[in-house]
Amino acid sequence: WNSGAFERPSSVLGLKRRSLAFRLAAGSAIWIGAGLAIGGVVLAALYTDYVERNFDDRLSVFSDSLIASADVVDGRFVLSRPPEGPPFELPYSGWYWQVDSDNDAVYVSRSQWDFSLKLPPMTDALRRNYETLGPDGQRLRVLDRTLAVPDAKGRYRFAVAADLAQLEADIRPFHLTLAISLAALWLGLVA
């Protein structure tokens with residue numbers, strides 16, 4: 001019975017065990033990472049969609065308020081109670097509204113100061129969402145509605161716009177927290 005000859009196969013067998021264990025651990029780490037990454041992408045997309053819908057709903061509320069303030073006095077289009085408050089009164093605040101006719105801008109929010117929103121030509125679409133540039137190069141999300149106001153001549157477009165930086169400021173911290181949490185979870189599961 002030679003103890004030296006017996007140890008050699010054992011050490012070779014030990015390397016194979018370590019190699020198999022390493023491959024199992026590496027494979028598990030990859031599959032866990034892939035699963036967490038897919039879950040993270042889905043969660044981030046769901047949260048982004050939720051925040052964007054809330055942002056659009058807020059634009060819609062201001063748009064409804066703007067439309068409700070439209071009136072015709074002595075055959076002339078007027079806004080009786082346009083949306084007010086800090087977002088629409090501070091110059092370049094990131095929140096803007098504008099009412100224009102087929103010909104020209106009729107009313108603008110104080111927040112626009114000396115700036116007029118660059119909007120595409122009016123269409124027959126009742127409601128449109130799109131992006132445009134605002135003062136100081138702000139990226140704005142716009143909700144516009146084109147309507148015929150009873151007893152007023154022509155069509156009027158009611159546009160409300162908000163700075164997309166506010167939307168991104170709501171989304172970015174969640175994405176960062178999610179990424180850090182999933183990375184920590186991955187490290188914990190792999191360990």
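**Figure 1. Surroundings of Leu-66 in the predicted model.** Beyond its neighbours within four places in sequence, Leu-66 is in contact (heavy atoms within 4.5 Å) with Leu-79, Pro-83, Trp-97, Gln-98, Val-99, Phe-158, Ala-159 and Val-160. The model is predicted: local features require pLDDT of at least 70 and side-chain atom pairs count only at pLDDT 80 or more, whereas totals for chains, interfaces and linings use all residues. Residues are numbered from 1 along each chain as its sequence is written, and side-chain values use heavy atoms, with hydrogens and water left out. Leu-66 belongs to helix α1; helices are DSSP runs of H or I with at least four residues, strands are runs of E with at least two, and both are numbered from the N terminus. Leu-66 counts as buried because its relative accessibility is 0%; buried means under 20% relative accessible area, exposed over 50%, and partly exposed in between, with a 1.4 Å probe and protein chains only. Leu-66 and Gln-98 are separated by 32 residues in sequence, and their C-alpha atoms by 9.1 Å in space.

Figure 2. Together, Ile-38, Val-42, Leu-43 and Leu-46 present about 390 Å² of accessible area in a nonpolar patch on the surface. Patch residues have over 30% relative accessible area and no salt bridge; like charges are joined within 9 Å, and nonpolar side chains (Val, Leu, Ile, Met, Phe, Trp, Tyr) within 5 Å. A salt bridge is a side-chain nitrogen of Lys or Arg within 4 Å of a carboxyl oxygen of Asp or Glu. Accessible areas come from the Shrake-Rupley method with a 1.4 Å probe, and for residues only the protein chains shown count as cover. Leu-46 is part of helix α1, residues 3-68, and counts as exposed because its relative accessibility is 54%.

Figure 3. Strands β1 (residues 70-73) and β2 (residues 76-79) run antiparallel and are joined by four bridges; two strands pair if DSSP finds at least two bridges between them. Val-73 has Arg-76 in β2 as its bridge partner. Two residues lie between the strands of this hairpin, and Asp-74 in the turn has a positive phi of about 55°.

Figure 4. Most residues other than glycine have a negative phi. Trp-113, not a glycine, has a positive phi of about 55°. Trp-113 occupies the loop between β4 (105-108) and β5 (128-133) and is exposed, with a relative accessible area of 62%. Asp-136, also not a glycine, has a positive phi of about 60°. Asp-136 lies in the loop between β5 and β6 (139-148) and counts as exposed at 71% relative accessibility.
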